[in-house]
Amino acid sequence: MEGLKVSDANLVVYIHPSKAGKVSQSILRELSTLLFKYNEIFDGVVLAYDVTIQNKNAKVLPGIYPCFGVKLKAKMLLFSPKPDMLLEGKVVKLGKESLHVIVLGFSSASIAEEDIREEFRYRIKHGEEVFASTSHKRHVIKVGSMIQFLVKSFDEEILHISGSLIPVNTGSTKWLHKNMEEGSMVDRLETRKKKRKDDRSEMHEHSTELLDDVGFSLKNEGRPKKSKRQRHAEQS
Amino acid sequence: MGVELATDRPGFYEMVDVDVSDSELVYHVRDALKSVSQGDSDHYNQLIAVMHYTGRLAPDEVAMLVTSLKALSGSISYIDIIHHESLLSSIFGMSMWNYGPDVMDALVELIISLAASNGKFVDSCLDMLVRNFMPPKSYLDLLGHPRGLARKHEVLDRVHSALSHIADLVPLAPMRLTPIILQRMPHMFDKEALIVIYVESMLLLESSALGELVGSTMLMALVDRLIDLDVEISWDDIIHEDSGKGIFDMELEDVDDIIDHAEIDGFEHPRGTAGSQILGTNAVADKLDSLMVLICEHLKSCADGERLTKVFETLLQSFWVTVLNAYKSKFSQFVMFYACSLDPEHCGERFAVFLADIFVCRTHPALTRMSAVAYLASYLSRGKFLPLSLIASTLKRLVDWCLEYCHVQNGEEKTINLEAHRVFYSGCQAIMYVLCFRMRSMMDSHRLKSQLLHMPLEPIFCHQLDPLKVCLPSIVEEFLRQAKAAHLFTVSETFLFNNLLESDLSKAFGGMERLDMFFPFDPCLLKKCDRFIRPSFVYWSMVKTTYDDGEDCSSEEDINEYFDGNGKSYMESGITRSLDEHDLDLDEFEYQLNKMSITPRNSLKNGLIFKLENPFRMPARIRPSTSPESL
């Protein structure tokens, strides 16, 4: 999934003198106020951090409350979706006019009807509302499916994403992963079928290609098994 | 209806009675929305007009409203926050209380879809739902009727399920919900019914699925509100009885009896109306009472649902931040008392340990420590549900601390700086107070008796710092009396001291806040929530003292008998007034009375001698408020 990045940051955390006895605790507390909020400086939503204290010495800031500044090095996990990135999320609500998705468990995304490509039609299958693909029978999106979608825009305040299912490489991730390797193969098979229909009389000319086809079809039978194994490997 | 058809395209009104499919209607609405940016707002305005239907709606109006709302739900992506501002403000201004279930459902569906579709709408949607916690002002009176109640359940069910749906679709919604709820909370001078119904929703949220995220904020805001109300009840509102009359009516165990027998001090209300006016016509007290009832009921349901331990942690935190340091909170702390009574093993013990920890910890300010030990003393004495072993162990902690303190003092001072040692004195007073209530029970238990006899009380009380002279005389007197009967330690008979002088001394250590006279868990004067407290509360008259050897009435039912047979000498009231001129005048007066009194000191039957303790007024009643009723 795109949109996640790890950044290194040099930070200084100012701690109130009353917390001098529990410095680590107050550092973590201070940093936790950054979580799940969009931060302009980091250019992203802070999801997690890993902190190491640089120096046991801290500079005291003069003032009414002499807070002392502790220097830290932190690794920050940031989420910053930009337009045209591909994200994955789980569908939580499905309606004729829109699709609602949750990304990484905290960010909400919605895809409007006009951003869903023509291929998908809203249907009610077995009492359940789904978006079913008209060209690929097994490609179905329903509540609970994981889908991959394109980012149109990102609202930084409420962390809401506006998404799109127009590009071809968007849709149910299960189906997409399964068909990614076969994608080019499937295309070749289709064009070959067409050619065979058109030029039946020129079998001789295609004899070599037919042989290839036979070989290809043999290979093809082996394929699904391989991809299943691959899928298992991916899942484990 | 009279909707003018300006164009040849069918208007909304016509759409409704024709067999129009939902999708066509949706397209129509989308067109209306789109055409606004192009300058054509006719259909758009018609749509807004539908949103403004008010009053009793005819069935076709209801149908129109429902279909319009549903069509809008289908056209969410066409709603623009700028171009369709008036439509949005109409929708967000709708109050679900004005409509029937059909319209409510359609409206809720629209709100949920709006919130999920675009981040910009989330705040307004949440705000609209929170505003629907309360009915329109005109509706408030109807709430008492069954129809009003039915409507209330209809609305609140939908509002809360809508909030939970939105939280499912927009995981960060609860984070934005919290400030909105706090902001919309009715002011404490608003109508009681309004405050109550809002707080009901807050508590509902706490126990809902969202409670994990927003619950603790709700509780803390509620305790803050309790303190706000508490502080508004001034001590002047608490009627002080004529000391001669009320001395034997130690505590308000039976409010009705007291209403019958007592006279109202300084008020011209006719006797007949006394009953209704005594407790409860003070508006602020009423509000506080109702809120406390709500919270107590909520705590009970938490206990039934086995969530109390977690909720208690939040309450404890809130208590520390808000109640402990509030200047002599009057009744709000009873929420803690009730919570402890529901689960003595965990919560009850936790509270005692928490307060003791604050007392012994040197980094807390002195006033906090004194306040904590005052709470602790009152709590240990009044909690019927507290096991004696806990009381004994906590006492031991206090005693050990005081002993340590004594050892640290080098004893070279000729004149004692009372203020410097005020934490010590408050600790000693706490020990004496608890022993006044619990000494007999501890002496009755073999194990605790030996523990008590081994406690180093003598070195503490006979120390140069002289706590017996400094602490509140009535407590000292009662304590010494019981200690003598129990042969706790040798007490010299010549403990003569001038009452007034000692009163000054105790004032000195108590400071401006008079923390020497702070007994926070003295009987609760709020009528409605008293029923939660009463079963777990120890009234002074129930207490067996060590000098009661001859009496056989140990049962609590024989309160009256026990009462008369003994002539209680222990003044019960902890409710005092802050120092002001009025107080000083009474001081004078009482001093004169003392001089004139011919009652021998030993005549404890009348207890007249304790009339002199001017701050020991009977915690009689809450005076009806004379301030104008708030709107």
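B:Arg350 counts as partly exposed, at 33% relative accessibility; the label covers what falls between buried (under 20% relative accessible area) and exposed (over 50%), using a 1.4 Å probe and protein chains only. Before we dig in: this is a predicted model, where local features need pLDDT of at least 70, side-chain atom pairs count only at pLDDT 80 or more, and totals for chains, interfaces and linings use all residues. Residues are numbered from 1 along each chain as its sequence is written, chains are lettered from A and ligands numbered from 1 in the order in which they are written, and side-chain values use heavy atoms, with hydrogens and water left out.

**Exercise 1. Find the salt-bridge partner of B:Arg350 and say where the two residues sit.**

Step 1: the partner is B:Glu313, with the closest N and O atoms 2.8 Å apart. A salt bridge here is a side-chain nitrogen of Lys or Arg within 4 Å of a carboxyl oxygen of Asp or Glu.

Step 2: B:Arg350 belongs to helix H18 (344–360) of chain B and B:Glu313 to helix H16 (308–323) of chain B, so the pair, 37 residues apart, links distant parts of the chain. Helices (H or I, at least four residues) and strands (E, at least two) are DSSP runs, numbered from the N terminus.

Step 3: check the partner's surroundings. B:Glu313 is partly exposed, with a relative accessible area of 34%.

Step 4: B:Glu154 and B:Arg151 meet in a salt bridge at 3.4 Å, N to O. They are three residues apart in helix H8 of chain B, which means about one helical turn separates them. B:Glu154 is partly exposed, at 26%.

**Exercise 2. Describe the interface between chain B and chain A.**

Step 1: count residues. Chain B puts in 21 and chain A 19, where contact means heavy atoms within 4.5 Å.

Step 2: get the area. The size of an interface is often given as the accessible area lost when the parts come together. For chain B and chain A that is about 1500 Å², with 57% coming from carbon and sulfur atoms; buried area is the accessible area (1.4 Å probe) that two parts lose on being put together, summed over both.

Step 3: look for charges. There are three salt bridges between the chains, including one from B:Glu109 to A:Lys93 at 3.9 Å, N to O.

Step 4: see which elements of chain B take part. Helices H6 (101–117), H7 (119–131), H8 (146–169) and H9 (173–184) of chain B each give two or more residues to the side that touches chain A. H6(B) gives the most, with five residues.

**Exercise 3. Is B:Cys436 buried or exposed, and which residues does it touch?**

Step 1: B:Cys436 is in helix H21 (422–444) of chain B.

Step 2: at 0% relative accessibility, B:Cys436 counts as buried. For chain B as a whole, buried residues make up 55% of the 631 residues.

Step 3: list the neighbours. Leaving out residues up to four places away in sequence, B:Cys436 touches B:Ile475, B:Glu478, B:Phe479, B:Gln482, B:Trp540 and B:Val543.

Step 4: compare sequence with space. B:Cys436 and B:Lys544 are 108 residues apart in sequence and 9.4 Å apart in space, C-alpha to C-alpha.
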